[in-house]
Amino acid sequence: MRSNLPRSVFVHYLKNFFWGLLALLCALDVAQAAYVPAYSVVMDHQDFDVQSNGTFIHTRQLLTQIDTPQGIDRFGQAKIYYDGKRSKLDVVDAYTIRANGDKVPVTLERIRRLSANTDEVSPYFTDQMTAIIIFPHVEVGSRLYYKAVLHETEPAIKGRFSDLSAFAPHLSYQNASVTLTHDPALQLSVYAKGVEGGRTELLDGRIQYRYSLKQPTAYPYEPNQVDYVDFSPVVEFSNYSGYADLAQTTQNLFEEKTRVTPNIQKLADSLTGGTNTPREKARLLYNWVSANIRYVGIDVGASGYEPHYANDILANRYGDCKDHAVLLEALLMAVGISSSPVLINTAPSYQLPNLAGNFYFNHIITYIPEFDLYVDSTAQFAEFGTLPPTDMGKPTLITLSGVIHSTPKTNSKTDFTVTRSQLRLMRDGSIEGSANFAPHGYYKTSSRMAQFAYENRENQTVVDKLLKRFLESGSGEMTHPDPTDLSAKWTVKSQYRLDPLINISGLSAFSVPTGLAPGYIKNYSGEKPYDGRRFPYECGSSKHVEYVEISVPRGVSFSRIPKGVEASTISQSYKSTYEVKGGKIFITRTLTTERDADVCKPSKLQFDAQSFIQDAMRSDMRSQIFIQK
């Protein structure tokens, strides 16, 4: 699918504007009472005029007010996204109203038009453009206004129109509205929630919908909050008859492109010639596509929605998510295995919109019905049968069948880690250690990705970064298989030496160090539950088990050890044990989280339960092992 650039027009400059604000707020621990948004919306009027063939004119007038010093640099310009090939954007007017009332126009040279190719992670080619309006004399209290008109002369998908406007709870709106007028020949469905208004019929026989919103109070973004489109006031328009219609439209774009050519047949046969097991054949083909087809985002012309031919993708050895799905489907087809493209959203959104449209799904993966299995070959480090976290627990639309389905949610039985550490306390108070880390499920994907990022970097820099997490220092190294070899059994081993932690003289004490191990349990114990949540948030399920063996020098004995902790709630449990045996202490710590869904609703019960578990964990992390020389 297309990237996360807005679908229908410069469609939601506001939402784009807003995500930058979220990034700012995520880094701050701000009490709700002190929350002041960087800007507020004084006026936001959107007006759509839609023709029967799906083309439209979109007029937007947006007036925002800068409310904090932090908002001056970050939001002193507006970005409007549009398709440079299929549409024309005119910025009709733009100006700043200073705090003293002076009006300062935006001159032509302060409106810049650039390619929206801003992806710094992977290559991305697009017809999408960005008009950047640079407002002059921006200060706290300034009001920034623009009026822009976008003429879309060719729908992204022929004859189709859809749009979604969601209003963020993290901004105040003095006066917002969405108006849509359309030719009665256009069979349009409308859904609105949390706004006022409805349908009227104009004198010329055209149909109009007008919705308005006033939202005086703004609330801060909350940690792990789901996308506000899942719960905020929203207005949706679409001329798809439903999700089955959207599925069929998408499937029509894919079917011809998956043709099995001699080159594809030859490759499939060569990769699977040594096995007769269908699942193993599928795994080998998936691994090849994942490793050999470089991800390149392509959003040029119709390719924002339509994939390339499988044979061309094979020849070029690159493509985006649509192309990955097409080539994998063709290879599977070549060995007699049926599959289907799947529409999915990788943002933190877990609710399908009420209406089907081109505005929600931003990614395509693959579903193999024979194994009831989802795979995502664009996730370079995800083994066959697993998905990256951004794909898990999400609603899906299987295009071949038109069925609304979902990917598996996180699960403590499949998404877990086991760490085994051996520590030897030296006479100078330093520690020589080793660790063996075995992740499973999406933790394996994350681990492969992390270790790939560490490759070809200065070793001590990586070690310092990892040890500093828990105020430790020292030296060491990690070893593991090639992160991109999805067939290799994945474990990460480490050898390290920690700088002196204690002075061994008479009676001494120390807490259990982490060293070059992930430290999931200690990290979680250091988090603070967010009190007073208002919005749903990502939670999920997992399990972490840590085994630690500690030995001490000859002549040194354990004089006192922690008693261990056991605590549980309806969705979480934590248990630790400490045992001295043969001059060594053996420690086991287990944290299990098992929830019914990957999204939790805010409640005092949930807050109290998490606080209870984390208080117990923090108490355990503070406990000390006493030794006597």
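In the predicted model, Arg618 and Asp615 both belong to helix α11, which covers residues 604-622. Three residues separate the two, about one turn of the helix. Their side chains form a salt bridge, with N and O 2.8 Å apart. Asp615 has a relative accessible area of 44%. Asp615 therefore counts as partly exposed, since that class lies between 20% and 50%.

Arg283 and Glu280 both sit in helix α5, residues 278-292. Here too the spacing is three residues, about one turn of the helix. The side chains meet in a salt bridge, at 2.6 Å from N to O. Arg283 has a relative accessible area of 22%, so this residue is partly exposed. Glu280 is at 27% relative accessibility and therefore also counts as partly exposed.

Arg98 pairs with Glu139, and the closest N and O atoms are 3.3 Å apart. Arg98 is at 25% relative accessibility, so Arg98 counts as partly exposed. Glu139 has a relative accessible area of 26% and is therefore partly exposed.

Salt bridges can also join into a network. Arg424, Asp428, Glu432 and Arg497 are linked in this way. Across the whole structure, a search finds 19 salt bridges.

The packing of two helices was examined next. Two packed helices are described by the angle between their axes and the distance between the axes. Helix α4 spans residues 262-272, and helix α7 spans residues 321-334. The two pack at an angle of about 70 degrees. Their axes are 9 Å apart. An angle from 65 to 115 degrees counts as roughly perpendicular, so α4 and α7 are roughly perpendicular to each other. The crossing of α4 past α7 is right-handed.

Side by side, the contact residues can be named for each helix. From α4 come Ile264, Gln265, Leu267 and Ala268. From α7 come Leu327, Ala330, Leu331 and Ala334. Of the residues in this contact, seven are nonpolar and one is polar. None is charged.

Conventions. Residues are numbered from 1 along each chain as its sequence is written. This is a predicted model: local features need pLDDT of at least 70, side-chain atom pairs count only at pLDDT 80 or more; totals for chains, interfaces and linings use all residues. Side-chain values use heavy atoms; hydrogens and water are left out. Axes are lines fitted to C-alpha atoms, for helices over the stretch in contact, and angles run from 0 to 180 degrees between N-to-C directions. Helices (H or I, at least four residues) and strands (E, at least two) are DSSP runs, numbered from the N terminus. Angles under 35 degrees count as roughly parallel, over 145 as roughly antiparallel, 65 to 115 as roughly perpendicular and the rest as oblique. A crossing is left-handed if the near helix is turned anticlockwise from the far one by less than a right angle, and right-handed if clockwise. Contact means heavy atoms within 4.5 Å. Ala, Val, Leu, Ile, Met, Phe, Trp, Tyr, Cys and Pro count as nonpolar, Asp, Glu, Lys and Arg as charged, and the others, Gly among them, as polar. A salt bridge is a side-chain nitrogen of Lys or Arg within 4 Å of a carboxyl oxygen of Asp or Glu. Buried means under 20% relative accessible area, exposed over 50%, partly exposed in between (1.4 Å probe, protein chains only).
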